[in-house]
Amino acid sequence: MNRSILTIDYTETTKDLLDPLDAELLDKAARAADGAYAPYSRFLVGAALRLENGQVICGNNQENASFPAGICAERTAVFYAHANFPETQIRAIAITASPCGICRQVLLESEKRAGVPIRVLLAAGDKVRIFQSVKDLLPFGFDSF
Ligand code: THU
C-alpha cells in the first residue's frame, strides 16, 4: 500500500501584474461575461481562449428554462473553437470563475487533443490564479489510469 500526497502547482497574482497577453485574455473574458444569459442563477461568467494562431474566442454562460440545457461559459468557447477550428490547438483560456468539474474534464480533453499544455487563468475580483496545465486543475480526471 502506498500513501501519496499531491501538490498543485499554480501562481497567485493580481491583475495589474499580468503580462500583456494574459491581461488581454482576461479582459476579453470579463467583457464576454457582460453578454451572458443567466436569468436563473444571475451568475454571469465569461471565458476567452487563445488559439495557437493568436485568435481569441470568447464565450459566456447560456441558461435555459429547461435547466440542464444550459451551458457554462468555458464550454461555449471551447466547443465553438473545436467546431470551427478542429485542427487548431487551444493554448490558453481565461475564465471569470473557477470552472466546474464538467468544464475541467472538457478542458482536459482539449489539452489532450492539443498535445501541449493549456495555460489557465482564473480570476475573481482582482485576484488571478494561473495554472500551466489543465492537469493541475483536474488530477485523476477521466482518462487512462
Ligand atoms: N458556470 C459557468 O459558466 N462556468 C463555470 O465553470 C461554473 C458555472 C455557470 C453555469 C450557470 O449558468 C451559472 O454559472 C451558475 O452555476
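## Nonpolar cores and aromatic pairs

Beyond its neighbours within four places in sequence, isoleucine 90 is in contact (heavy atoms within 4.5 Å) with Leu49, Arg50, Leu51, Val78, Ala81, His82, Ser110, Ala114 and Ile118. The model is predicted, with pLDDT of at least 70 needed for local features and pLDDT 80 or more for side-chain atom pairs, while totals for chains, interfaces and linings use all residues. Residues are numbered from 1 along each chain as its sequence is written, and side-chain values use heavy atoms, leaving out hydrogens and water.

Ile90 is also among the residues with the most contacts inside the largest nonpolar core, together with Leu49, Val78, Ile93, Ile95 and Val120. This core has 23 residues; a nonpolar core is a set of buried Ala, Val, Leu, Ile, Met, Phe, Trp, Tyr and Cys residues joined through side-chain atoms within 4.5 Å. Two or more residues each come from S2, H2, strand S4 (90-95), helix H3 (101-114) and strand S5 (119-124), where helices (H or I, at least four residues) and strands (E, at least two) are DSSP runs numbered from the N terminus. H2 gives the largest share, four residues. Another core, of 12 residues, lies apart from this one and includes Leu25, Val56, Ala94 and Ala123.

The structure also holds two aromatic pairs. Rings of Phe, Tyr and Trp (its six-membered ring) pair if their centres lie within 6.5 Å; planes under 30 degrees apart count as stacked, over 60 as edge-to-face and the rest as tilted.

| Pair | Centre to centre | Angle between planes | Class |
|---|---|---|---|
| Tyr10 and Phe131 | 5.3 Å | 20° | stacked |
| Tyr40 and Phe67 | 5.3 Å | 50° | tilted |

Tyrosine 10 lies in the segment before strand S1 (11-14) and phenylalanine 131 in strand S6 (residues 127-131), so this pair ties together parts 121 residues apart in sequence. Tyrosine 10 is partly exposed at 39% relative accessibility, whereas phenylalanine 131 is buried at 6%; buried means under 20% relative accessible area, exposed over 50%, and partly exposed in between (1.4 Å probe, protein chains only).

The other pair links tyrosine 40, in the loop between H1 and S2, with phenylalanine 67, in the loop between strand S3 (56-60) and helix H2 (73-84), 27 residues apart. Tyrosine 40 is partly exposed at 42%, and phenylalanine 67 is exposed at 59%.

With Tyr37, these two residues form a nonpolar patch on the surface, with about 360 Å² of accessible area together. Tyrosine 37 is found in the loop between helix H1 (20-33) and strand S2 (46-51) and is partly exposed, with a relative accessible area of 42%. Accessible areas come from the Shrake-Rupley method with a 1.4 Å probe, and for residues only the protein chains shown count as cover.

How values were computed:
Patches are made of residues with over 30% relative accessible area and no salt bridge: like charges are joined within 9 Å, nonpolar side chains (Val, Leu, Ile, Met, Phe, Trp, Tyr) within 5 Å. A salt bridge is a side-chain nitrogen of Lys or Arg within 4 Å of a carboxyl oxygen of Asp or Glu.
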